[in-house]
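Visitor: I am new to this kind of picture. Could you walk me through it, one feature at a time?

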Amino acid sequence: MDKNKPMSELRRGVMVFLALAILTAVEYVIGTNEAPTIFLWVIAIFKGALVLVYFMHIARLSGSEGGHE
Amino acid sequence: MKKFLSIGFVTGIIGQIIGTAVGIGLLAGIRALMGLAPKAEPAAVLGAALGIVGFMIGVGGFRDWFTWAKGEDTFEAEEFHDQPGIIRYWGYSLDHKVIGVQYGILSLLLMALGGTFALIFRAELAQTGMQFISLDFFNTLIGMHGMVLIISILLGISAMSNYLVPLLIGAKDMAFPRLNAFGFWLAVPASIVIVAAIFTGGFDTGWTGYPPLSARAPLGMQMFFVAVFFAGWSSIIGALNLIVTILRMRAQGMNMFRMPIFAWAVLATSLIALTATQLIGTSFQMVSFQRLFGMGFFDPAKGGNPLLFQHLFWFYSHPAVYVFILPGLGIISELLPVFVRKPLFGYKWVAMSSLGIALVGFMVWAHHMFTSGMEEYLRVPFMYSTLLVAVPTGIKFFSWTATIWQGRMRFATPMLFTLGAIIVFLLGGLTGPPLGTVATDLHLHDTYFVVGHFHDTLFGGYMFPLFAAIYFWYPKITGRRMNETLGKIHFYLMTPSFLVMTFGQMAVGLLGMRRRIADYDPAQGFQPTNFIVTIAAFLVALSILIFFINLFVSAKKGEVAKGNIWESRSPEWSILPSPAPEHNYAQPFNVVGDPYDYGLKGSKFVEIAPLQAVDQKARGTHG
Amino acid sequence: MNTPATTLEKRAYKIGTARVGLWLFFLSDAFVFAALLVSRFYLLGDKRPHLEQGLGLIVTSVLLISSFFMNRAEVQISQGNRKAFVTSTLITMLLGIVFLVGVVGFEWGLAPFGPADGVEGAMFYMMTGMHAFHVLTGVVFLFIILRNGIKGRYSPEKHWAVEAAANYWHFVDLIWIFFYPALYLIGTV
């Protein structure tokens, strides 16, 4: 975590949220119209990866540091 | 009286009684308010579940976590001190060695109980016709024999790994001592609930609890589900703790490939227990909900499919077999070099084979379902994946024989049990392929051949190594050795009787005798063999009785163990006195060599760390 | 031996250990939901239960927005903005409760089937029920960190409880990311 740029973390949260929101909207459109379900799976996996990486900070597992003690 | 009421076990029991009463009362009250007649089953289920929660509150399992939730700090687990003496085994201790012994006591108690169930129905099977017990009670007994012993085995594994892993890897305690205690105590009320199944009508499905039969079995079925659900959580919590301990708490210089093999085996086992156990919990919960709320998962009339249960169930219950045997196989690899005074052959391969068995174990579950009517195209892939298990298992056998090769063997009791384990497990392994191959399984499925095979694998993979481990590490707990003569009587009585028992079971199985039947036609010619099997089973029980006597008598009267009695290189023998002190190693040690280099001149495994390295310890030791 | 630097290091290592434990719990718990997901496709195949599409989209959005505020709360406390942390946590918790009301209060009431009506009903109530149970425990954890946050017990250096609760909340959101399409979108009615 970079403490020199205090806004960057918050801004990244907004960006990830927007990506998730757009993907959810796409999902809804695909799901309510007749489109191949494979797209739904791909989007779900992509959304899950976004949450894992940016919200849950899976990378913190490998380092013993992680923003705070 | 006041002192009696401050014992953790007693307050736990009181909590369980109150919790059960609250659960039953709550549901009866709600139904009364809604103007409905009281219904036994939902009340019993809620009562059993809340009873277990009540026990955990009573024993003090939530106390520290509640303090944390209030935002206050508690003492560090390293500052925890037990009451001295035997009383500490009855309370909520945070010491991994005390918890290990607690696990062991509960496991041995359940082992005696489950074994007794077997003796009762074996007596019934010695002759055709029904002599002693009713058909329903027979069915309950076979299911109870299975599940009580499965829980006993899970607890026995936890006993060994809880006691040994921190000692072997040089940790002061487990990674999460409070969670560790919680995991153990969860198993106590769960054991009480599963025994309660006998008194609430029993159940007639056997230990597998397949629907549709389990969806309409008596009330005891629900007790069985609740008990297994919570015992499963106990197992998951223990596994989680062990993985973290092994990954994060190793001594300075102990990289993954200098870890004792037992730690590898526990790591592999825990990975299975951590993940797959959730599926038996979920599947049992689904049957339970089908009974309670009419949710038709497995009810074909509502569009459900009973086969789904078998998939979910075996996705745990097959890997579970590897949970049962892997620690035992680790014990064999751990003890063999000590008693043949030679390095363990192919250390890395043995370490990896444990993980290999665990991973392949996840892909073989449907070999239990060859005759179930599942999709036919699944049969052959599952047959091949099943036979693949023989490869990593074969590596272990190869390593053991190569280790024994030209060694200087010493036949102390632990060594006898280790050798017995290898032979019996080999028999269990060899009788596996006929069951994993579709063509032969169609004949052998659900016969006594399966019973014989399974008892061979579990005695070879769990019981024999467990006895070896107890004879070997007993002095670390009590400071006294177990009696060698009684130990040898135990071994020489149990091994031949056990072999006769399983050979007999396999013989009647090949002739087509179904497992789980209470009676058979005298014209089928099973009777003489069944009679011999029963006699052999009683002899096995007698030998285990001798073991129990030895266990109790040696605690007071055994020969005092001084120093490194087995001349082991492992730190708990080469550094620590017997019995092992609280918080293990007063001073951390460095690992400077490989663990099993017996007989190599000048080789060293551990040495006490110089004082300034103490600070380094806290930083952990990845490498 | 117990200089401040070493105790700090010790605690950092301990939190790293706790983090591994937390993730192993997620892995374990994920198997429950995976089992339910597999059961849904095994039993229902490409049929999906008849559900209120608009409501599904609303509760999904609510949970998504709550995850956004959860992330914000964690960032704020790591930068020492206690007030902003408390506000974000409170919003997250309230959105969590809205989600629960939406699923258990409305969706369960509006669904044209009960749990005992066929396998669609069984699967739907089991999946949403199991997820709602996790949301409920998440709300409890949020309440705990909210209360301790108001009392000022967290700092940029010391907020492991916040990280754990936040990660749990994101985990629950992650489950819904897969459950939402499985229940509402995939297959035909």
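**Reading the chains, helices and cores**

Guide: Start with chain C. Count its contacts between residues at least 6 apart in sequence, and 82% of them join residues at least 24 apart. Two residues are in contact if their C-beta atoms, placed from the backbone, lie within 7 Å.

Visitor: What should I know about the model and its numbering?

Guide: This is a predicted model: local features need pLDDT of at least 70, side-chain atom pairs count only at pLDDT 80 or more, and totals for chains, interfaces and linings use all residues. Residues are numbered from 1 along each chain as its sequence is written, while chains are lettered from A and ligands numbered from 1 in the order in which they are written.

Visitor: How many helices and strands are in chain C?

Guide: Helices (H or I, at least four residues) and strands (E, at least two) are DSSP runs, numbered from the N terminus. Chain C has 5 helices and 0 strands. Its pattern along the sequence is α-α-α-α-α. The C-alpha trace of chain C spans about 65 × 30 × 20 Å along its principal axes.

Visitor: What share of the residues in chain C is buried?

Guide: A residue is buried if 20 or more other C-beta atoms lie within 10 Å of its own, exposed if 12 or fewer, and partly exposed in between; the C-beta atoms are placed from the backbone. In chain C, 49% of the 189 residues are buried.

Visitor: Which chains touch, and which pair has the most contacts?

Guide: There are 2 pairs of chains that touch, and chains B and C have the most contacts. Chains A and B do not touch. Their nearest C-alpha atoms are 9 Å apart.

Visitor: How is the size of an interface often given?

Guide: It is often given as the accessible area lost when the parts come together. Here we count residues instead. Between chains B and C, the contact takes 33 residues from chain B and 30 from chain C. On the chain B side, α8 (220–248), α9 (261–293), α10 and α21 (614–617) each give two or more residues. The most come from α9(B), with 8 residues. By class, this side of chain B has 19 nonpolar, 10 polar and 4 charged residues. Ala, Val, Leu, Ile, Met, Phe, Trp, Tyr, Cys and Pro count as nonpolar, Asp, Glu, Lys and Arg as charged, and the others, Gly among them, as polar.

Visitor: How many residues of chain A are in contact with chain C?

Guide: 29 residues of chain A are in contact with 36 residues of chain C. On the chain A side, α1 (6–32) and α2 (37–55) each supply at least two residues. α1(A) gives the most, with 12 residues. The side of chain A that touches chain C divides into 14 nonpolar, 10 polar and 5 charged residues.

Visitor: Where are the domains of chain B?

Guide: Domain bounds come from an automatic or database domain assignment. For chain B, the assignment gives domain 1 (1–74) and domain 2 (75–557). Their centres, taken over C-alpha atoms, are 30 Å apart.

Visitor: What is a nonpolar core?

Guide: A nonpolar core is a set of buried Ala, Val, Leu, Ile, Met, Phe, Trp, Tyr and Cys residues joined through C-beta atoms within 7 Å. The largest has 253 residues, and those that touch the most other members include Ile169(B), Phe224(B) and Ala468(B). Helix α10 (residues 306–340) of chain B gives the most to this core, with 22 residues. Leaving aside neighbours within four places in sequence, Ala468(B) is in contact with residues including Ile331(B), Leu335(B) and Pro414(B).

Visitor: How do I compare a helix with its expected span?

Guide: The expected span is 1.5 Å times one less than the number of residues. Helix α14 (residues 413–430) of chain B has 18 residues and reaches 26 Å from its first C-alpha to its last, close to the 26 Å expected. 15 of the 18 residues of α14(B) are buried, so this helix is largely enclosed by the rest of the structure.

Visitor: Is Phe449(B) buried or exposed?

Guide: Phe449(B) is buried, with 27 other C-beta atoms within 10 Å. Phe449(B) is found in helix α17 (residues 448–478) of chain B.
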